[in-house]
Amino acid sequence: MSDRQLHLNVNLLHSGVYASAWRLPESDPRACFDVSHYVRVAEIAERGKLDAIFLADTPAITDRIDYRSFMSMEPTIVLASVAAATSHVGLIATASTTYNEPYNIARRFATLDLASGGRAGWNAVTTADASASRNFGLSHVLEHKARYERAKEFAEVVHALWDSWEDDAFVGDKSSARFVDTSKVHPIGHRGAHYSVAGPLNVPRSPQGRPVTVQAGGSSDGRDLAAAQAEAVFTLAQTIEEGVAYARDLRARAAAYGRAGDSIVILPGLATVIGSTEAEAKRRQDELWELVPIEYSLARLAGTLQVDSAILELDKPLPDPLPLPSNANHTMFQGTVNIARRGNLTVRQLLRALGGGVGHRIIVGTPEQIATDIEAWFRAGAADGFNLMPDVLPTGLEIFVDSVVPILQRRGLFRTNYAGTTLREHFGLPRPISRFARQTEAAATA
């Protein structure tokens, strides 16, 4: 087995990545509101030795809930329940840097990290959504660059708070009545352009030192944030060439920040539709597509492109030119437009290629075909692994775990057992030392 190992997360998109997943006979329409559904998916992921499960989040109703299930429950609370039912699989939750305060996020994820024995990860997003803004008393969405400037400082504060307790600060010595060594608990004294935070955190360090920081963003500002702060990145790429170019760019940016180029785990999204034969897989895809209302697909596409759906004619290509709106999700916008332009697709063909509104790459085929595709991307350096988005949950993940994972294991690409218990160990990331402990060491040797 080679030193480099594949990483696999499952993006737990309620009933599945297809908008119609909840309508299949085996699906529970109430799954998105049922914590036991998330627990069941996590148990399957852990049985397959996957690195982590991931929960996206938007603090508003942004989808057409008259047509499909959606992300509704607060993800860290869901993952606390999942933590109690599992022992190894990582637990990554999304929390916005625009609609939260750094101290609250640092405390919430440090608590999840302690509760799970060191399995927590924070997906830092900037959230570009008008309905979310209105839920937090804002009349407009912050400008793209401003959101990322705030996000970078936000992450710096969170990391400082996670470091504010040294590893041996907790004493718990009954005989001396010494509970905490306060000389090893440090205020952070942050004063910046956007935040003023005294610290320290009131939660000690966890088994993995601090939660893993994840970022998802393909714009130049997003890549710069990832290069500066992220340890894993969820991204979008439709071709191996796109994946390789993204990886090279991100690693070069990380090196400019003084970080090792290979210190970030890069995980493009990958939607899977699996059948015992290629024909069976395509029939399953056809069934899922036919159950997606065209009104939903058009609304979703219009939302991604930030245009009026009335200008999208089903049997014509996308309008050209189609300028990038300043506050669009750059990753999804560009990925969607690239699919359309590359294949010279009509809107109807584009909707089908997107699976009714997905945007990430979709692969349809047998377990062997999917394993071979994953291996090709991995060996080319286009990905360190994938953020999997099964067509239907939990059945699509069960099929992947039972049929694709064994092939990857036989090829020496994927673990047959967990080597550790923390998310950092799964990702092959080092356990960070508290910056305050480093300062203490430096002062002692000066």
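This is a predicted model: local features need pLDDT of at least 70, side-chain atom pairs count only at pLDDT 80 or more; totals for chains, interfaces and linings use all residues.
**Entry 1: domains.** I began with the division of the chain, which gives domain 1 as 5-273 + 360-442 and domain 2 as 292-353. I then looked up the separation of the two, and found their C-alpha centres 28 Å apart. To the contact between them, domain 1 contributes 21 residues and domain 2 contributes 17 residues.

**Entry 2: the interface.** I next noted the area buried between domain 1 and domain 2, which comes to about 1500 Å², with carbon and sulfur atoms giving 59% of that area. Which residues of domain 1 lose the most area to domain 2? I found Tyr67, His144 and Leu236, which together account for 29% of what the domain 1 side buries.

**Entry 3: salt bridges.** I checked for charged pairs across the interface of domain 1 and domain 2, where the rule finds 1 salt bridge. I also looked up Arg342, which forms a salt bridge with Glu242, and recorded 2.3 Å between the closest N and O atoms; the cut-off for such a pair is 4 Å, so this distance falls within it.

**Entry 4: H7 and H12.** I turned to helix H7 (residues 240-256) and helix H12 (residues 367-380), which pack at an angle of about 35° with their axes 10 Å apart, and I noted that H7 passes H12 in a right-handed crossing. On the H7 side I listed Ile240, Gly243 and Val244, which meet Ala376, Trp377 and Ala380 in H12. Sorted by class, this contact of H7 with H12 holds 5 nonpolar residues, 1 polar residue and no charged residues.

Definitions and conventions:
Residues are numbered from 1 along each chain as its sequence is written. Side-chain values use heavy atoms; hydrogens and water are left out. Axes are lines fitted to C-alpha atoms, for helices over the stretch in contact, and angles run from 0 to 180 degrees between N-to-C directions. Helices (H or I, at least four residues) and strands (E, at least two) are DSSP runs, numbered from the N terminus. A crossing is left-handed if the near helix is turned anticlockwise from the far one by less than a right angle, and right-handed if clockwise. Contact means heavy atoms within 4.5 Å. Ala, Val, Leu, Ile, Met, Phe, Trp, Tyr, Cys and Pro count as nonpolar, Asp, Glu, Lys and Arg as charged, and the others, Gly among them, as polar. Domain bounds come from an automatic or database domain assignment. Buried area is the accessible area (1.4 Å probe) that two parts lose on being put together, summed over both. A salt bridge is a side-chain nitrogen of Lys or Arg within 4 Å of a carboxyl oxygen of Asp or Glu.
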